[in-house]
Structure formats: structure tokens, C-alpha cells
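Q: I would like to learn how to read aromatic pairs and a nonpolar core in a model. Where do we start?

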Amino acid sequence: MSSSVPQLDLGNTFGALFIGVILAAVLFGLTNVQAFIYCQAHARAGITFFKLVVCWLWILDALHLALTIHGVYYYLVINYANPSALAEVVWSLKLQLVVNVIIIPTVHLLYVHCIWKICQGRSKIIPVIALVMVVILSSGVAVPLVWAQYKTTLFKNLASIAWSTYLSLGAATFVDVVIASTLCYLLATSRTGFSSTDSFITKLVGYTISTGCLTSICSMTIIITSAVMPTNFIFIALQFLVTKLYANSFIAFLNARHYMRANATVDSHQLHDRHGVYRPELRVGVSQDTEFHKSQDTEDAVMHITQPVQDVSSPTGSTMYMKSSSLA
């Protein structure tokens, strides 16, 4: 094996790993921004479930980046001019696969939790089906397959277990499609008839589709590159990124409510006193931050879908109040 190592094209093998680590560090920076925004937006809510989730994902994401950096440092710095060391898979690259198996199913389970909250007052069949798929496909399939990869000691043996990459990432992609489709269906059937609320839901549906497509496209790209270019490490570099995308996309999903709620509030005020004619004002969760202290059920809501409650008329005008129902 050592005689074949010098013939390796370092550009698309360990050079690809180096570029992958750089891009992974950039994505980790975005994760830091998303986590900071979430903690700032919910600073007065105390310690909540989703705050712990954000911290947990951040820790795992940081650990994954540290392991990948160590792997690249081991090959390009510690073993510089030592071609025989390039044939072996260092322990940190193996351990980062374990972190992958923890992060991806965790994110899938958190999305199922959001589906369960959205289904409050509806049939629980949909979240139960989604949960079974996550447990069987995302966790049940990925764990033994990654274990097969973890036992591999030489890079030349990766080609013989390429099927494990296809099956694990294929299962993760299928779960992504199921979760995104379920969320889009539940959100689309939650429309209230009010333009600002429906616009909020439409934006949230679009965001759900885009994030689901992003992780699915990355997973499919890894499968394609592994099948077409099994002798280089481009597919391993892409694996560095897919974990970051899962963690980043979920934290951004939690922040989407904060971004879009602000836009919905601005749009609702535009209905008031337009062209000199008094218009009913839509109050869409303006004081939600203060409500965190009143009920733990609304502390870390993923998003709020407004529903009309009552129309109170007065001699000077009318104001329609909206009730926010928490989904998380």
C-alpha cells in the first residue's frame, strides 16, 4: 500500500479534506450567529427546552469541527513528508462519524417534536408515522452502517463499504423529504384567511422547503461523488458539511418565527388608517416576549399561527384581536 501512496493526487484527496474543513468552519460560524440570535431573542425566557437543544447542537457541532480539524492537521502537518501515514484512517475522522450519527437523528427527532406540537387538536397519526420513520431509517439504519465505516482502518477499504454511505445518506434524505412534506402540509392547512397571517405561513412553508432541499441535495451529492469518484476524498469533505447544515438549518428554523413575526407585525400596521380611512388593526403576537413569564407552554415556540378570536365593535371603530397558538 505504501508504494501506491505517492501516486495519490493530493489535490483531490487531502487537499479536498482541507477545503472541506475550511467550509465547515464557515458554516460553524453561521451556527454561532444563529445560536446567538436565538438566545438574544429569548433572553427573558429563562432556561427552556429549546435553549438546551440549541446549546446541545452547538456543542456537538463544535466537537465535530474540532475532530475534522485534527484529522486534517494529522495528515498535512504532523505527518508532512510521511506518505505511509496517509494510508491509514486517523481516529478523529472515525469519531466524527459518531458525531454525525448523533446530530442528524437528533435534528430529525426535533422536527418530529415540532410536528407533534402542530398536530395538537388534530389526529396524532401523522407525527407517529414520522417518528417511526425517523427511528427506523435515520437511527436504526445509520448506526450499524456507520459502525461498519468506523471499523475501517485503511482508506483503500472505503470503496468496499461504499454501500453503507449510499444506504445511510439515502435514508436520511428520505426522512428529510417526509418531514418537509409533513410540515408543509400542516402549515398549509393552518391558514386563517387573514392576509398577514397567510403571508407569514407562506414564507414559513417556503423556508421549510428550502432547508429540506438543502440538506437533501448535499446528501445526494455525497452519494453521487462517492459512486463516481471513489478514489478521491471529495465525498468525505462533503460529509464534513452536511452535519453543519443539519444543525444550522434547525436553529435557523427556530429563528424563522422571530424574523417573520416582525415582518407580519409591520404589515399588520399598514392596514391601519390607510388613505385617511380607519382600517381594523391586526395585533399579531406583539407582546409575546412578555408572555414567556405567564406560561411555560409558550416559552420556546417554534412559530405562532394566528387565529381570529373575536371582533369587538365600538362607536369609533373596531379592533380584531388575534390569538397565538404555540407550536412548540
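Q: Are Y111 and F250 buried or exposed?

A: Both Y111 and F250 are buried (under 20% relative accessible area with a 1.4 Å probe, protein chains only; exposed is over 50%, partly exposed in between). This is a predicted model: local features need pLDDT of at least 70 and side-chain atom pairs pLDDT 80 or more, while totals for chains, interfaces and linings use all residues. Residues are numbered from 1 along each chain as its sequence is written, and side-chain values use heavy atoms, without hydrogens and water.

Q: How many aromatic pairs are found in the whole structure?

A: A pair of aromatic rings is described by the distance of the centres and the angle of the planes. The search finds 12 aromatic pairs (Phe, Tyr or six-membered Trp rings with centres within 6.5 Å; planes under 30 degrees apart are stacked, over 60 edge-to-face, the rest tilted). F28 and W58 form a tilted pair, 5.9 Å centre to centre with 35 degrees between the planes. F28 counts as buried because its relative accessibility is 12%; W58, at 35%, counts as partly exposed. Y111 and F250 form an edge-to-face pair at 5.1 Å and 90 degrees.

Q: Which residues have the most contacts inside the largest nonpolar core?

A: In soluble globular proteins, nonpolar side chains tend to be buried together. Here the largest nonpolar core has 66 residues, and F155 and F250 have the most contacts inside it (a core is a set of buried Ala, Val, Leu, Ile, Met, Phe, Trp, Tyr and Cys residues joined through side-chain atoms within 4.5 Å). F155 also belongs to an aromatic cluster with F14, Y74, Y75 and F233.
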